[in-house]
Amino acid sequence: MAMFGKKGAELVREAKQTLATEDQFRPFNQDLFEQVVKETDEHYAHLQERMSQIKANESSEAVDPNFVGGCAQHRSVLRNKRCLLAYVNARMSKIKQLRWDLGAVLPDDITANLSSTERTFFQGYSEALSSYMADINLDLTVDATPPKDPYVQIRVIGNLGEVLLDDQETSLLPHSIHFMTRTEAEPLVMQGLLEIYQG
Amino acid sequence: MANNYYDLDDILMEEEYVSVHFRFEAKGLGVLDPGSEHDDIEAGAVVDIPLWLAHDLCLRKFITIKLPYFYNERIRKEIQADASCVDLGRWCPYFYEMGLRLAPISPDQTLGSFLLYCLQRRYKEMLCKSLTVALTTAPKFLTLLTKEEIQLFEAARDSMKAYNKWWFQGARLERAPVLGRKRRLNALLSSFELT
């Protein structure tokens with residue numbers, strides 16, 4: 001039975017939580033999403049039923065009860081649409097942020113929580129951003145906060161092995177401390193492989 | 001705040017229920033009235049419906065809206081007595097936004113000025129508290145505030161946090177928060193296995 005937007009509101013609450021949880025990416029709630037779509041279809045069916053009855057008794061002077069009911073059904077369809085779009089939009093903004101925070105390749109546990117269309121969107125967004133950055137020949141994702149010093153001291157957390165830094169190969173062993181340019185360190189710090197070392 | 005189509009808070013605010021009086025019969029809306037036994041709503045029935053529906057139907061003059069109890073005379077007296085102690089958050093988390101939406105369509109002309117008065121009285125104390133309370137714990141009086149007030153409060157607190165961060169110059173490069181805590185442990189463990 002159509003619930004006049006209750007499910008839609010639930011979906012919006014879920015979207016709010018998705019935006020609020022910072023330490024993980026919540027999975028796409030396919031189940032609830034489909035329920036709202038189904039409910040919208042029901043409202044549409046009711047609306048058509050009301051519409052067909054309006055034509056039958058057009059002559060009456062007073063406000064047609066079918067018209068009042070039809071308006072409410074119509075509003076419900078629009079309301080559900082707004083809830084669905086808001087949910088998708090909220091997740092989209094979060095996915096865009098992922099590209100800036102984590103780079104073009106996402107870790108598996110985050111990819112698993114994206115729906116297939118969201119994955120396509122991420123690919124597209126990532127490619128658009130990369131090609132723009134290649135065009136202007138500048139990596140926009142680094143230096144989100146203005147740097148004080150072009151060099152930083154870092155400590156290795158993850159296992160990186162041989163890495164090409166400053167046009168020469170350096171071996172970044174776990175727990176070793178290095179001095180490198182900030183531009184090179186920043187993406188690795190964001191991915192959690194290095195941390196800034198303060199002596 | 002602008003009426004943004006994708007604004008999640010705006011959508012949730014419109015989900016609050018208001019009590020309305022149906023001026024005409026409405027077909028097929030029986031679901032909305034738990035007391036009704038058939039499919040339709042009679043003319044003259046009083047039913048609770050969500051604000052998004054009420055707003056539209058009221059503009060079409062099918063229904064008239066009764067203001068929710070938290071805008072009534074008794075509550076206004078309480079707010080006049082001591083605005084900052086009144087527990088608005090419990091009555092309606094979207095007290096102001098909802099009032100703003102209702103003001104143009106309700107017969108009560110004084111609602112708008114009452115909301116402004118209410119916010120003015122509560123704002124000062126809230127601002128003082130937000131700059132002085134401890135930065136890490138959630139203060140007790142937060143439950144008294146509405147969603148809009150909490151936003152203002154957090155904004156003031158965030159600016160205080162940013163100021164402190166600038167003042168004490170912490171680390172500026174950090175890993176992305178979306179990765180969570182557990183991955184860091186994994187990374188540490190795997191490096192131990194290696195050595």
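User: If a salt bridge is a side-chain nitrogen of Lys or Arg within 4 Å of a carboxyl oxygen of Asp or Glu, how far apart are the closest N and O atoms of A:Arg82 and B:Asp10?

Analyst: In this predicted model, A:Arg82 and B:Asp10 form a salt bridge in which the closest N and O atoms are 2.9 Å apart. As a predicted model, it supplies local features only at pLDDT of at least 70 and side-chain atom pairs only at pLDDT 80 or more, while totals for chains, interfaces and linings use all residues, and side-chain values use heavy atoms, with hydrogens and water left out. Residues are numbered from 1 along each chain as its sequence is written, and chains are lettered from A and ligands numbered from 1 in the order in which they are written.

User: How many salt bridges cross between chain B and chain A?

Analyst: Six salt bridges are found across the interface of chain B and chain A, and the search of the whole structure, over all chains, finds 19. One that joins the chains pairs A:Lys16 with B:Asp9, with the closest N and O atoms 2.7 Å apart. A:Lys16 sits in helix α1 (residues 6–20) of chain A and B:Asp9 in helix α1 of chain B, so this pair joins two chains; helices here (H or I, at least four residues) and strands (E, at least two) are DSSP runs, numbered from the N terminus.

User: Buried or exposed, what is B:Asp9?

Analyst: B:Asp9 counts as buried, at 16% relative accessibility, whereas A:Lys16 is partly exposed at a relative accessible area of 27%. Buried means under 20% relative accessible area, exposed means over 50%, and partly exposed is in between, using a 1.4 Å probe and protein chains only.

User: And how many residues does each chain give to the contact?

Analyst: Chain B gives 48 residues and chain A gives 59, where contact means heavy atoms within 4.5 Å. Together the two chains bury about 4700 Å², with 67% of that on carbon and sulfur atoms; buried area is the accessible area (1.4 Å probe) that two parts lose on being put together, summed over both. Between the chains there are also ten residue pairs in polar contact, with both residues at pLDDT 80 or more. A polar contact is a pair of N or O atoms within 3.5 Å; within protein, one must be able to donate a hydrogen and the other to accept it, and residues adjacent in sequence count only if both atoms are side-chain atoms.

User: Which elements of chain B give two or more residues to that side?

Analyst: They are α1 (8–13), β1 (17–22), α2 (51–59) and α8 (182–194) of chain B, and α8(B) supplies the largest share, seven residues. By class, the side of chain B that touches chain A has 26 nonpolar, seven polar and 15 charged residues. Here Ala, Val, Leu, Ile, Met, Phe, Trp, Tyr, Cys and Pro count as nonpolar, Asp, Glu, Lys and Arg as charged, and the others, Gly among them, as polar.

User: New topic: where do B:Glu149 and B:Arg122 lie?

Analyst: B:Glu149 lies in helix α7 (residues 147–168) of chain B and B:Arg122 in helix α6 (residues 111–132) of chain B, so the pair ties together parts that are 27 residues apart in sequence. Their side chains meet in a salt bridge of 2.7 Å, N to O. B:Glu149 is buried at a relative accessible area of 0%, and B:Arg122 is buried at 3%.

User: What does B:Arg76 touch?

Analyst: Leaving out residues up to four places away in sequence, B:Arg76 touches B:Leu67, B:Tyr71, B:Asp108, B:Thr110, B:Leu111 and B:Phe114. B:Arg76 is placed in helix α3 (residues 73–81) of chain B, and B:Arg76 is buried, with a relative accessible area of 8%.

User: Zooming out, how many helices and strands does chain B have?

Analyst: Chain B has eight helices and three strands, and along the sequence they follow the pattern α-β-β-α-β-α-α-α-α-α-α. Of its 195 residues, 42% count as buried.

User: What does UniProt list for residues 6–58 of chain B?

Analyst: An unreviewed UniProt entry lists that span as "domain: DNA replication complex GINS protein PSF3 N-terminal"; UniProt positions are given in the numbering used here, feature names are shortened, and annotations may be inferred rather than shown by experiment. In the model, the end C-alpha atoms of residues 6–58 of chain B lie 23 Å apart, and the span is 26% helix and 21% strand.
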